[in-house]
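I opened the model to look up charged pairs, a helix crossing and a surface patch. My entries follow.

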Amino acid sequence: MKTVLVASSKGGVGKTTIATHLAAQSALTGLSTVLVDADPQGSSTRWAERRAGLQSAVLPIDGTRRNWQKSVPEDAQRLVIDAAAGAMREDLDSHLDAADVVVVPVQPSVLDIDATVNFLNSLAKHPRVRKGQTRVGLVGNRLKPWTNASQQALDLLKQWPYPVVAQLRDSQAYVMLTGLGKSLFDYNSAQVRQHQEDWQPLLRWLKK
């Protein structure tokens, strides 16, 4: 079972959107997928509940409980953890101990990037990250590729020791789909496929 932790010390960076999309994509490929909602706001849980009637349903688990691991079914094939908003490394130790990879969303602003530096520095001190047992990847999120701000942000991200594993364009579709318990991967229109392509580098990185 591969475990993906989506985390950031900065709120409002699209963490839950990325976690739910990764869970949906996994379920749509036929994997038994569990979404651990460690955020007290419960947004991932509500998304999974809206999706419950689909063949590609995702099982939500309350990750705010101390012994959440005991609720994970033995036949689970993919575990996606939506960390609490604003959580620092010390708040994530139990999740980091289980994670194969950590996906860190970053928005293209100086404030967001500055806020993420301390978080990444603290991640680097975790034994599994330090030993290379848990990989860390950055996702540039809500990018406007045609703007200087987004390009400058990407240039800054690429200077860090962790790879930029995806560049996701800004789109109101994400807000609408999350409210429906859906994802971009549930549709096949030409416009949606363009956005799906943004995710392919991340999906390939997760398979490594």
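I count a salt bridge when a side-chain nitrogen of Lys or Arg is within 4 Å of a carboxyl oxygen of Asp or Glu. This is a predicted model, so I note its limits: local features need pLDDT of at least 70, side-chain atom pairs count only at pLDDT 80 or more, and totals for chains, interfaces and linings use all residues. Residues are numbered from 1 along each chain as its sequence is written, and side-chain values use heavy atoms, leaving out hydrogens and water.

**Salt bridges**

I searched the whole structure and got 7 salt bridges. I looked up K15 and found its side chain paired with D39, N to O at 3.5 Å. K15 is in helix α1 and D39 is in the loop between β2 (33-37) and α2, so this pair ties together parts 24 residues apart in sequence. I take helices (H or I, at least four residues) and strands (E, at least two) as DSSP runs, numbered from the N terminus.

K15 also bridges to D82, with the closest N and O atoms 2.6 Å apart. D82 sits in strand β4 (residues 78-82), so here the parts tied to helix α1 through K15 are 67 residues apart in sequence. I logged K15, D39 and D82 as a linked network of salt bridges.

Buried or exposed: which is K15? K15 is buried, at 7% relative accessible area. My cut-offs are under 20% for buried, over 50% for exposed and partly exposed in between (1.4 Å probe, protein chains only). D82 is buried at 0%, and D39 is buried too.

**Strand β7**

R169 forms a salt bridge with D198, closest N and O atoms 2.8 Å apart. This pair links strand β7 to helix α8, 29 residues apart. R169 is partly exposed at 26%, whereas D198 is buried at 12%.

I then checked L168, in β7 (residues 164-169). L168 is buried, at 1%. Leaving out residues up to four places away in sequence, its contacts (heavy atoms within 4.5 Å) include I18, V139, L143, D198 and W199.

**Helices α1 and α2**

T16, T20, A23 and A24 in α1 meet S43, S44 and W47 in α2.

**Surface patch**

M176, L180 and Y187 form a nonpolar surface patch, about 290 Å² of accessible area together. Patches take residues with over 30% relative accessible area and no salt bridge, joining like charges within 9 Å and nonpolar side chains (Val, Leu, Ile, Met, Phe, Trp, Tyr) within 5 Å. Areas are Shrake-Rupley with a 1.4 Å probe; for residues, only the protein chains shown count as cover. Y187 is in the loop between α7 (173-180) and α8 (190-207), and is partly exposed at 31%.
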